[in-house]
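Please keep the sequence and the model in view while reading.

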Amino acid sequence: MFDNPYSTAVLAWYETNARDLPWRRDGATPWSILVSEIMLQQTPVSRVLPAWEAWMERWPAPADLAAEPSGEAVRMWNRLGYPRRALNLHAAACAIVERHGGEVPSAHADLLALPGVGAYTAAAVASFAFGQRHAVLDTNVRRVLARAHTGVQYPPKTQTKSEAELAESLVPPDPAVAARWAVAVMELGALVCTARSPACAECPIAAQCAW
């Protein structure tokens with residue numbers, strides 16, 4: 001039976017506190033969301049924003065990137081770090097053109113089969129771009145759930161089966177609400193339940209937090 005004691009408060013908090021990010025706006029394409037997710041891996045939003053805007057202006061669709069050499073992707077990556085992510089995005093763009101007619105696939109299995117796309121990114125794109133129901137577990141979500149539900153300050157270094165099971169049990173049954181929950185709890189971890197200086201007084205679920 002679905003039982004998420006945090007969803008109402010977290011979703012209400014998100015409605016009034018969510019950052020206005022271009023890949024979250026109405027009209028954001030699945031490609032723009034995929035690009036944002038790859039760029040945001042181990043890189044703060046402040047650094048990603050200008051890079052994402054430049055990237056999307058130059059390559060607004062997968063076919064635009066696939067038509068250029070992979071070295072151009074690395075050059076545009078500039079100072080984001082971990083340039084293999086640029087090569088993976090280029091390879092993913094080529095795969096999207098070859099396998100899916102230039103459209104980012106909506107099926108989770110197809111997303112997971114793209115170069116450089118792991119379990120988190122596939123679930124995130126399926127949720128945020130296509131409104132599907134998935135447990136989306138990034139570092140922020142893992143930390144929020146570890147503190148609120150498990151009562152420990154930090155999750156294990158490597159994701160565990162029990163973490164995945166907990167996250168899945170908390171996903172609302174309605175896909176649209178589930179997608180909103182996924183981004184809301186992620187935002188809570190990014191803005192309030194931070195790693196080093198959590199603002200517990202501002203947290204909407206502080207009274208329910210086991211930690």
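In this predicted model, are α2 and α6 roughly parallel or antiparallel to each other? The axes of the two helices, α2 and α6, come within 10 Å and cross at roughly 155°; because angles over 145 degrees count as roughly antiparallel, α2 and α6 are roughly antiparallel to each other. The crossing in which α2 passes α6 is right-handed.

| Helix | Residues in the contact |
|---|---|
| α2 | Trp-31, Leu-34, Val-35, Ile-38 and Met-39 |
| α6 | Arg-85, Leu-89, Ala-93 and Ile-96 |

By class, this contact of α2 with α6 has eight nonpolar residues, no polar residues and one charged residue.

Helix α2 is mostly covered, with nine of its 10 residues buried, and the buried residues include Ser-32, Ser-36 and Glu-37 as well as Trp-31 and Leu-34. What covers the buried residues of α2 includes α3, α4 (62-66), α5, α6 and α8.

In soluble globular proteins, nonpolar side chains tend to be buried together. Here the largest nonpolar core has 32 residues, of which Trp-31, Leu-34, Val-35, Met-39, Trp-55, Trp-77 and Leu-89 touch the most other members. Two or more residues of this core come from each of α2 (30-39), α3 (45-58), α5 (70-77), α6 (84-100) and α8 (119-130). Leaving aside residues up to four places away in sequence, Leu-34 touches Leu-89, Ile-96, Val-117, Thr-121 and Val-125. A second, separate core of 28 residues includes Tyr-120, Leu-137, Ala-148 and Cys-203.

Terms used. Residues are numbered from 1 along each chain as its sequence is written. This is a predicted model: local features need pLDDT of at least 70, side-chain atom pairs count only at pLDDT 80 or more; totals for chains, interfaces and linings use all residues. Side-chain values use heavy atoms; hydrogens and water are left out. A nonpolar core is a set of buried Ala, Val, Leu, Ile, Met, Phe, Trp, Tyr and Cys residues joined through side-chain atoms within 4.5 Å. Buried means under 20% relative accessible area, exposed over 50%, partly exposed in between (1.4 Å probe, protein chains only). Helices (H or I, at least four residues) and strands (E, at least two) are DSSP runs, numbered from the N terminus. Contact means heavy atoms within 4.5 Å. Axes are lines fitted to C-alpha atoms, for helices over the stretch in contact, and angles run from 0 to 180 degrees between N-to-C directions. Angles under 35 degrees count as roughly parallel, over 145 as roughly antiparallel, 65 to 115 as roughly perpendicular and the rest as oblique. A crossing is left-handed if the near helix is turned anticlockwise from the far one by less than a right angle, and right-handed if clockwise. Ala, Val, Leu, Ile, Met, Phe, Trp, Tyr, Cys and Pro count as nonpolar, Asp, Glu, Lys and Arg as charged, and the others, Gly among them, as polar.
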